[in-house]
Structure formats: C-alpha cells, structure tokens
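Biologist: Let us go through this model together. I ask, you answer briefly.

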Amino acid sequence: MQTPYSTSQTYIDEFNPLDYYQTYYATGKGIFFGEWTEFVLRNLHETFGPGGVTGDILIDFGAGPTIYHLISACEVFNIIITSDFLEQNREQLEKWLRKDPDVLDWTHVVKFVCDLEGNSNGDNCEKKEATLRRKVTKVLKCDALAKKPYDPVPMPEADCLISCLCLEAPCRDLEDFTNTLKKFQELLKPGGHIIIQSVLNCTFYYVGSKLFSCLSLTKDDLEKAFKEAGYEIVKLKVKPRSEKSGMETADQDSYYYIHARKPQKH
Ligand SMILES: C[S@@+](CC[C@H](N)C(=O)[O-])C[C@H]1O[C@@H](n2cnc3c(N)ncnc32)[C@H](O)[C@@H]1O
C-alpha cells in the first residue's frame, strides 16, 4: 500500500528529532549506523579532501538534527550555513553548537572521519568538533516548497550546497524535485558545487512509531532532474543496500551520491 504524502504540517506535528536519532544514528542500533554513514562520510572525505572541492561559503540544506555530513567540509570552508525546515531540528542543532549537556552524541561519527584523515586521537576529534562549531555561523529555516527556500533571509551565493536525505521528504514528484534543484541554482556562485546524497527506490520511513512518505527515485530520475535543472554532473555513484535488516523501518534499495556544478555562464 502506498504511504500517503507527508505534508509540512505532518512534519511539524510528528517528526521527533530524538526518535529520529535513535532510529537511524544511535551507536550500534540506528539503521543508518554503518552502511549509510560510511558511504556518505567516505564520499565527503574524498570530495573535500586534498585537491577536492573547497571555498568560502557552504550551505547545508535540510540537516535535520544532524551534523555528520559537515565534519569533512569544516576543514575547507570558512563559513557554514546550516538549515532545516523544522524548529525542533534547528533547536537540536543549536544545542549541539552550544555544547549543551544533553546534546545528540556524534562522537562516533567524528572519530570515523578523523580515522579517515589518519588523525583520530582524542585531542584531534575534539579539535575537529571545535572547528565545526566555529565554522557554523547560522542555523536557518529552509523550505524546499517555498519559491525562495530561505525567504525572507537574504542569502549569499555559496561555493557549495550540500544536502543529505532531505529532498525526497517534501518533494511529491520528480517535477517538484527538479524545481527544487532549479531554485538551488540561485544559491550558488557560477561554477558552484552541489552535492546531494540520499536513497533510491524508497517509499516510506519511520521515525520512532511515526510513518513518513518518501519520494521514490531511480538513478535515471536523478540524472534527468539534474540535467533539466541546468547542472553539469561531475560524478554519480550508486551503492546497493547490503544491510537488509531494518527494511520495515525504511525501504530504500540503494544509496546515491551526486556531485554536480552550476555552469560558469548561466
Ligand atoms: C529524513 S530527514 C533527513 C535529516 C538529515 N538531513 C539526515 O541526513 O539524516 C528529512 C528532513 O526533511 C526535512 N523537511 C521536511 N519538509 C521540508 C521542507 N518543506 N523543506 C525542507 N526540508 C524539509 C525534515 O525537517 C527533515 O529534517
């Protein structure tokens, strides 16, 4: 049976960031602990590592209550603007930035990235968290369905926009998804990079006991959307899901990474 589309109001009423963390990222039991985080973090390590993408401003679209996808990026950007649609998620991000006593624990993910960088003693992991906290200058509200996703806040043109597991939530169909990518063009400098990582062929996901819909996309859909939205695709990677436990929590059959660029002359 098809999952009914989750509206913005459903998100406001039912998306609990603590349940989200427990369901997906908690050490040893979250269903994204392992395969998803390793896929994403290795891709980002390659993208932002030596000789890779760099710049002044990074926009992070639809972070939820999470920061894992910013750990590699924090070394190569001066300013990181993170964002989410939901107040309850932005509150978790602010808490993490303030180092409140009851923050969501990302230390296992920070250690994984420090390991990738060959630098994982305790001091270095703490320094990495401090660098990220210093670089994140704003936590904004974003809305993929709005004509201008950050209205009324004026946005600088960024060198890079990153987004993980977000657009399939608010976008109802491929047309919505393509239109959202088009709107992102205005947030990027000419030649700017866009890096999206998410799931393919996923129709639903649970956050605790709450069910949410997911726009089910194929690899061909992705390529079509990015081309139609006017980007030049640099790299598209798909990784089939091998960890099949948790299919009743979220039913994606693979994960994708796409790196594309806004053309120099638009
Ligand atoms: C599956 S969570 C992904 C969270 C996080 N990026 C991650 O990687 O785990 C989906 C996210 O979509 C966000 N979302 C829902 N409606 C949205 C909208 N209209 N515009 C932008 N983001 C939205 C939710 O607030 C939530 O954070």
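Biologist: Which residue just after H8 takes a positive phi, and of about what value?

Modeller: First, the ground rules: this is a predicted model, where local features need pLDDT of at least 70, side-chain atom pairs count only at pLDDT 80 or more, and totals for chains, interfaces and linings use all residues. Residues are numbered from 1 along each chain as its sequence is written, and side-chain values use heavy atoms, with hydrogens and water left out. Helices (H or I, at least four residues) and strands (E, at least two) are DSSP runs, numbered from the N terminus. Just after H8, the residue with positive phi is glycine 230, at about 95°.

Biologist: Which residues of H8 are buried, and what arc do they cover?

Modeller: Buried means under 20% relative accessible area, exposed over 50%, partly exposed in between (1.4 Å probe, protein chains only). In H8, residues 219–228, the buried ones are Asp221, Leu222, Ala225 and Phe226. They sit on the same side of H8, because their arc, taken from the directions from the helix axis to the C-beta atoms, is only 125°.

Biologist: Which residues are exposed on the other side of H8?

Modeller: The buried side has cover that includes helix H7 (174–185) and strands E5 (188–200), E8 (232–240) and E9 (254–261). On the other side, the exposed residues are Asp220 and Lys227.

Biologist: Which side chain makes a polar contact with the side chain of histidine 69?

Modeller: Histidine 69 lies in the loop between strand E1 (57–60) and strand E2 (79–84). Histidine 69 counts as buried because its relative accessibility is 1%. A polar contact is a pair of N or O atoms within 3.5 Å; within protein, one must be able to donate a hydrogen and the other to accept it, and residues adjacent in sequence count only if both atoms are side-chain atoms. For histidine 69, at 2.8 Å, the partner is aspartate 60.

Biologist: How much of the ligand's accessible area does the protein cover?

Modeller: An oxygen atom of the ligand is 2.5 Å from a side-chain N or O atom of tyrosine 20, and a ligand oxygen lies 3.2 Å from a polar side-chain atom of asparagine 89. A ligand nitrogen is 2.7 Å from a backbone N or O atom of cysteine 164. On its own the ligand has 590 Å² of accessible area (Shrake-Rupley method, 1.4 Å probe). The protein covers 98%.

Biologist: What separates the C-alpha atoms of leucine 104 and glutamine 92?

Modeller: Leucine 104 is in the loop between helix H4 (87–98) and helix H5 (107–116). Leucine 104 and glutamine 92 are 12 residues apart along the chain. Their C-alpha separation is 7.6 Å.

Definitions and conventions. Contact means heavy atoms within 4.5 Å.
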